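Hi everyone, thanks for coming. I'd like to walk you through one structure today, a few spots at a time. Have a look at it first.

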Amino acid sequence: MFTAGSAQPLSPRCAFVSPGGPESPAMASAFPRCTSVRLPVSVAVILLLMSVTAVQSSQGDKEPVYRDCVKLCVRMNCTGARLRGFESSQPQYMTLTGWTCRDDCKYQCMWTTVGLYQAEGYRVPQFHGKWPFVRVLCFEEPASALASLLNGMACLLMLLRYRSTVPRQSPMYHTINAFSLVSLNAWFWSTVFHTRDTYLTEKMDYFCATAVILYSIYLCCVRTLGLRRPGVSSMVGVLLILAFTSHVSYLTFVSFDYGYNMAANATIGMVNLLWWLCWCWQNRRTLPYWWKCGQVVLLLHGLALLELLDFPPLFWVLDAHAMWHLSTIPVHFLFYSFLIDDSLYLLNTEKLGVKVE
């Protein structure tokens with residue numbers, strides 16, 4: 001960026017007050033305030049053209065202002081006595097979640113860049129593939145972290161209700177318990193990832209989410225085919241394990257391709273959707289609770305469309321991803337209501353020697 005009139009590069013020392021709150025004293029001392037920034041027409045046109053692809057290219061962290069700001073902050077605050085002062089004054093919860101001096105520089109400089117964009121009336125940019133979020137305590141994405149935690153709690157609550165209601169002799173009991181544990185693990189890592197985004201937590205969030213989607217295919221297979229043909233569900237289970245292993249291996253050792261990961265999960269999810277809907281349609285006259293299953297799969301795939309909204313977070317906290325996670329919390333109660341009804345039905349039909357649908 002350049003200032004109008006002087007055509008000089010904008011100094012990273014010019015900082016705006018963070019929309020997410022006051023800067024830390026150590027960081028604030030490194031950045032004298034500036035009052036305004038002007039952009040020439042040519043740069044304004046370029047920014048407008050690039051705003052179409054800002055989501056993919058993470059314009060914010062590519063800005064010279066941001067990069068120079070981080071370099072200056074790290075040089076002035078993250079060595080010697082200043083670093084020791086930062087570490088001694090840092091709250092314990094920040095230390096435990098891995099926040100470093102450099103991370104704090106990135107956070108403060110992110111808001112500096114956001115302030116410059118807003119001052120000139122431009123769209124808020126993303127940084128490192130994400131919107132800017134206000135940090136609450138140690139939570140990087142507070143709304144998404146809270147929503148993930150609430151999803152996990154809803155899943156745990158309904159699992160306990162399932163175990164207290166359905167006898168262990170029910171044909172689907174152990175498969176549903178395993179599915180619930182896989183889901184709880186995924187919500188745990190989702191909470192951790194939205195609390196602190198690191199190389200490890202990002203991979204665990206993505207991989208565990210894929211595990212849930214693949215296990216939901218297995219759950220559907222066992223319910224629709226495996227009870228009458230156990231060999232079929234066993235073969236499908238082996239294929240799904242191989243698919244998961246290949247998926248994780250490719251993303252880990254070849255290329256962590258976000259587009260491929262999204263396409264793979266969407267494809268698996270569509271197979272799951274169609275499979276369950278076909279089963280619901282076939283059993284709509286014999287199973288009075290079939291509508292619960294149909295409504296769950298339609299809701300889950302419909303609510304996922306919230307991700308397409310992709311807007312800068314409201315109040316720097318609530319974005320489309322957080323809204324999606326929040327919207328799925330009630331679905332757990334309907335889904336487990338279906339699982340309880342269906343497991344009791346299977347148990348009763350087994351006792352009566354009736355053919356399972």
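So, where does Lys130 lie? It lies in the loop between H8 and H9. Before I go on, some housekeeping: this is a predicted model, where local features need pLDDT of at least 70 and side-chain atom pairs count only at pLDDT 80 or more, while totals for chains, interfaces and linings use all residues. Residues are numbered from 1 along each chain as its sequence is written, and side-chain values use heavy atoms, with hydrogens and water left out.

Now the overall picture. The chain has 16 helices and zero strands; both are DSSP runs numbered from the N terminus, helices being H or I with at least four residues and strands E with at least two. Of its 357 residues, 48% count as buried. Buried is under 20% relative accessible area, exposed is over 50%, and partly exposed is in between, with a 1.4 Å probe and protein chains only. Then contacts, meaning heavy atoms within 4.5 Å: among those in the chain with a separation of 6 or more, 71% are between residues 24 or more positions apart.

Back to Lys130. Is it buried or exposed? Buried, because its relative accessibility is 17%. Its side chain makes a polar contact of 2.6 Å with the side chain of Glu141. By polar contact I mean a pair of N or O atoms within 3.5 Å; within protein, one must be able to donate a hydrogen and the other to accept it, and residues adjacent in sequence count only if both atoms are side-chain atoms. Leaving out residues up to four places away in sequence, Lys130 touches Glu140, Glu141 and Asp197.

His128 sits in that loop too, between helix H8 (101-119) and helix H9 (142-165). Its phi is near 55°, a positive value in a residue other than glycine. Why point that out? Because most residues other than glycine have a negative phi. Phe315 also has a positive phi, about 55°, and you'll find it in the loop between helix H14 (290-303) and helix H15 (320-327). Phe315 is exposed, since its relative accessible area is 76%.

On to a helix pair. The axes of H9 and helix H10 (residues 173-195) come within 8 Å and cross at roughly 160°. So H9 is roughly antiparallel to H10. Here, axes are lines fitted to C-alpha atoms, for helices over the stretch in contact, and angles run from 0 to 180 degrees between N-to-C directions. Under 35 degrees is roughly parallel, over 145 roughly antiparallel, 65 to 115 roughly perpendicular, and the rest oblique. Residues meeting across this pair include Ser144, Asn151 and Leu159 in H9, and Tyr173, Trp187 and His194 in H10.

Not counting residues up to four places away in sequence, Asn151 touches Trp187, His325, Thr328, Ile329 and His332.

Last stop: Pro167, in the loop between H9 and H10. At 30% relative accessibility, Pro167 is partly exposed.
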